[in-house]
Amino acid sequence: MRFKAQQSLHLISLGCTKNLVDSEVMLGRLQSYALTQELESADVIIINTCGFIESAKQESIQTILQASSNRKKGALLVVSGCLAERYAKELKEEIPEIDIITGVSDYDKIDSMIAQRRAITSNKVFLADENDKRVIIGSSFHAYIKLSEGCNQQCSFCAIPSFKGKLHSRTLQSTLKELTNLYNQGFRDFSFIAQDSSSYMRDLGQKDGLIRLIQAIDNLNLDISCRIFYLYPSTTSLQLIESIATSKCFLPYFDMPIQHIADSMLKTMRRGADKATHLKLLHAMRAVPHSFVRTSFVIGHPNEDEKAFLELHEFIESFAFDRVNLFAYSPQEHTPAFALPHPNAKITNKRINALNRTIKSQYKAHNTKLVGQEVDVIVEGVSEISEYFYKARLKLWGKDIDGEILINDSELCDAMGNTLPLNEGYYRVQITEYKQNFLFGKVLAYAK
């Protein structure tokens, strides 16, 4: 009897962690395939694209072209995600080598599409729930949980609502079931994500849905750590901040992209909250003991004059966020800002460079203060920097975005005095050194 050889699959997930969750759903539907890191040998190649800003579009297009050129004869090339949703017609015309183009609606039908070698298209944006079996990528300890899809905000620069639609939240029960399922599989560290997490369940008639979620997870009495990404200023309240601050499971991690601070720009950007509101929320976050405050800014948005930029720069210098992401304004079709005069790229880059100098100086100061401290970390495996180091992050930090600690020493030994290997999990570590922009640490003990 001749057995049919197992086909292989190579998946590339681009863009944000919300995209990653959808990629994990696709892998869950395709568990009959053998995953391979070698694109050239794969029978099926899936590229889950990002199309949020111009640089992401270009990265997606280049990845598609490279995959098409390097695949073996007969390999199936599938393109999914935001770029495919926004520009399906253009992709068909410009890159006819793509075999299947599917957007953001049908990740759970990927196995049928590949079997039939054709796209399946529906109108409803896909939102994973507890019934969608995911293959978690990159960790056996940390997992992302998506709370909702779409967005009810009307930011001038953002095209997401135009192709992902209005806010669509999963139920509280569904979210709790997925968390419990992942916990039973051994996951202990969780990041909750959405386009606008602080609006969770507002479309279901619950104004304080995120507070209810925090309370419900605390009531499960699980030994876990959690953080929330993408709070929105107009839907974040002091009560929500207090709920995070007093939670048993949720860390005092506050990620609220505010995009600007000058009232003139907040109005132009249609952010729905003024400077005073932002300051009230940010100072409440900073007042929480051991809090970590992350944000992002769009630089060079139409109507950003020198006065508004200097106000932003002075604010960043004075508040000293723990982490800041900077994005150059990227004109997006079908957005209010697109009709405004486009900014001068040279001025935008100059402003970004000036802000980066301030931010890098603050980041260095934050890391220097850690030297000598004993901290709880999550060890994540062998570092990509060198096989002689383990990589870790502060328990408080977000995965892959807030920094890395290189572990080059450990006091954990067996009865014979041999150093024990470090598995993924919680450890107590002493930060021993900060040099050449790297933090180094020594493991002292296991931690919860």
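Analyst: Let's go with helix α8: its axis and that of helix α9 come within 10 Å and cross at roughly 15°. (Axes are lines fitted to C-alpha atoms over the stretch in contact, and angles run from 0 to 180 degrees between N-to-C directions.) That angle makes α8 roughly parallel to α9; under 35 degrees counts as roughly parallel, over 145 as roughly antiparallel, 65 to 115 as roughly perpendicular and the rest as oblique. Helices (H or I, at least four residues) and strands (E, at least two) are DSSP runs, numbered from the N terminus.

Before going on: this is a predicted model, where local features need pLDDT of at least 70 and side-chain atom pairs pLDDT 80 or more, while totals for chains, interfaces and linings use all residues. Residues are numbered from 1 along each chain, and side-chain values use heavy atoms, without hydrogens or water.

Back to the pair. The crossing of α8 and α9 is left-handed (the near helix is turned anticlockwise from the far one by less than a right angle; clockwise would be right-handed). On the α8 side the contact (heavy atoms within 4.5 Å) uses L210, I211 and I214, and they meet Q239, L240, S243 and I244 of α9. Sorted by class, that gives 5 nonpolar, 2 polar and no charged residues. Here Ala, Val, Leu, Ile, Met, Phe, Trp, Tyr, Cys and Pro are nonpolar, Asp, Glu, Lys and Arg are charged, and the others, Gly among them, are polar.

Now for another neighbour, helix α7 (residues 172-184). Its axis and that of α8 (residues 209-219) come within 11 Å, crossing at roughly 40°. So α7 sits oblique to α8, and this crossing is right-handed. From α7 come L172, T175, L176 and L179; from α8 come R212, L213, A216 and I217. That set splits into 6 nonpolar, 1 polar and 1 charged.

What about burial? α8 is mostly covered, with 8 of its 11 residues buried (buried is under 20% relative accessible area, exposed over 50%, partly exposed in between, with a 1.4 Å probe and protein chains only). The buried ones are G209, L210, I211, L213, I214, A216, I217 and D218. Their cover includes α7 and α9 (238-245), plus the strands β9 (189-193), β10 (225-228) and β11 (250-255).

The loop between β9 and α8 holds R202, a partly exposed residue with a relative accessible area of 33%. Leaving out residues up to four places away in sequence, R202 touches L167, K207 and T235. R202 and L167 are 35 residues apart in sequence, yet their C-alpha atoms are 8.2 Å apart. Just after α8, N221 takes a positive phi of about 55°.

I145 belongs to strand β6 (residues 142-146), and I145 is buried, at 0% relative accessible area. Among the residues touched by I145 are T175 and L179, along with F190, S191, F192 and I193. T175 and L179 also take part in the contact of α7 with α8.
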